[in-house]
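Subject: Structure handover

Hello,

Here is the structure we discussed, with my notes below it. Please look through the model before reading them.

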Amino acid sequence: MANIERFRILIMGRANAGKTTILQRVCNTTDNPGIFDGKGNKIESNIVRGTLERGHHNIEHELIFSSNPGFVFHDSCGFEAGSAGQFDKMKNFVVDRAVTPSLKKRIHAIWFCIPMTDYHRTVTAAEQKFFNECDTGHVPVIVLLTKTDALYLAAMEELLDSYGLDLGEAKKKAAEKERKLLEKWLAHTKGILDNCKFPPKAYVSVQKMHEEGADCMALVQCTTNAVNEEGLQRLLISTQQSSIALCVEYAVKKTLRPRMELGIKDRLLVNGKDLERELLWWFPSKYLVIHSIVSVDGC
């Protein structure tokens, strides 16, 4: 893992699933990403804008936000329209990037977005086609239920129309009803996709992504747990900027606790400086720089 400096994610799903907004929240920015070709050359914004306006995305292009260049994203255009060409191109990309000998080019996770604005059709033929035909190998696929705020309106409608509550009472009960609707449609989605040939590794709902500063902790934690390799977990946790608490949690769970569970004799053999360095690996690089400066000043 020492040769991998950036965590690479493929984000996919239907059009208008809120994909770009999620990436902006994860990278803590409202700016659009820079778009680069596979060789690191930046693509002119007018060219990018033209292709996006026509609904085209080049899955090979790398999306990088200046606020957090430790993430590299790839965006697959939606294939809900049933285009065999689009699906095959996406499938070939996934298969190739899952096993490519170049560690720097491999994708480490896939975020598959399903918007709750379409909660009556959470799983369409497109989703079933992907999870039945696309073997992602060791690369985990995490299903993101996006735009879950749309369920608030559904909850209000049900409380007003089906239960006959007045507006005031409906508003009091709306949050709980919204939560139950989310649980219902998550269970519905899992019931179908878990029976596919290549089911998702995990599911997570993301909320209020349209709000600046929205909490991405659940998404990052879910993705980290879905990635089995500790080196990739450390890369993701140290790259994310959503929560320093996550850095502390994984540093303790993955590094400190195993040392504390050693026998007394083995614990005495643990090198303090090595342990300190391993703990800091779970934190963003700026903490490593600060630590290096403090260490030099303290000499």
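Leaving aside residues up to four places away in sequence, Asn41 touches Ile35 and Phe36; contact means heavy atoms within 4.5 Å. This is a predicted model, in which local features need pLDDT of at least 70 and side-chain atom pairs count only at pLDDT 80 or more, while totals for chains, interfaces and linings use all residues. Residues are numbered from 1 along each chain as its sequence is written, and side-chain values use heavy atoms, with hydrogens and water left out.

Asn41 sits in the loop between strand S2 (34–36) and helix H2 (45–53). Helices (H or I, at least four residues) and strands (E, at least two) are DSSP runs, numbered from the N terminus. With a relative accessible area of 44%, Asn41 is partly exposed (buried is under 20%, exposed over 50%, partly exposed in between; 1.4 Å probe, protein chains only).

In helix H7 (residues 217–226), the buried residues are Leu219, Val220, Cys222, Thr223, Thr224 and Ala226. Among the elements they pack against are helix H1 (19–26), strand S5 (109–115) and helix H9 (244–260).

The axes of H7 and H9 come within 11 Å and cross at roughly 25° (axes are lines fitted to C-alpha atoms, for helices over the stretch in contact; angles run from 0 to 180 degrees between N-to-C directions). H7 is therefore roughly parallel to H9, a term for angles under 35 degrees. Met217, Val220, Gln221, Thr224 and Asn225 of H7 make the contact with Leu246, Glu249, Tyr250 and Lys253 of H9.

Regards

Note on methods
Parallel < 35°, antiparallel > 145°, perpendicular 65-115°, else oblique.
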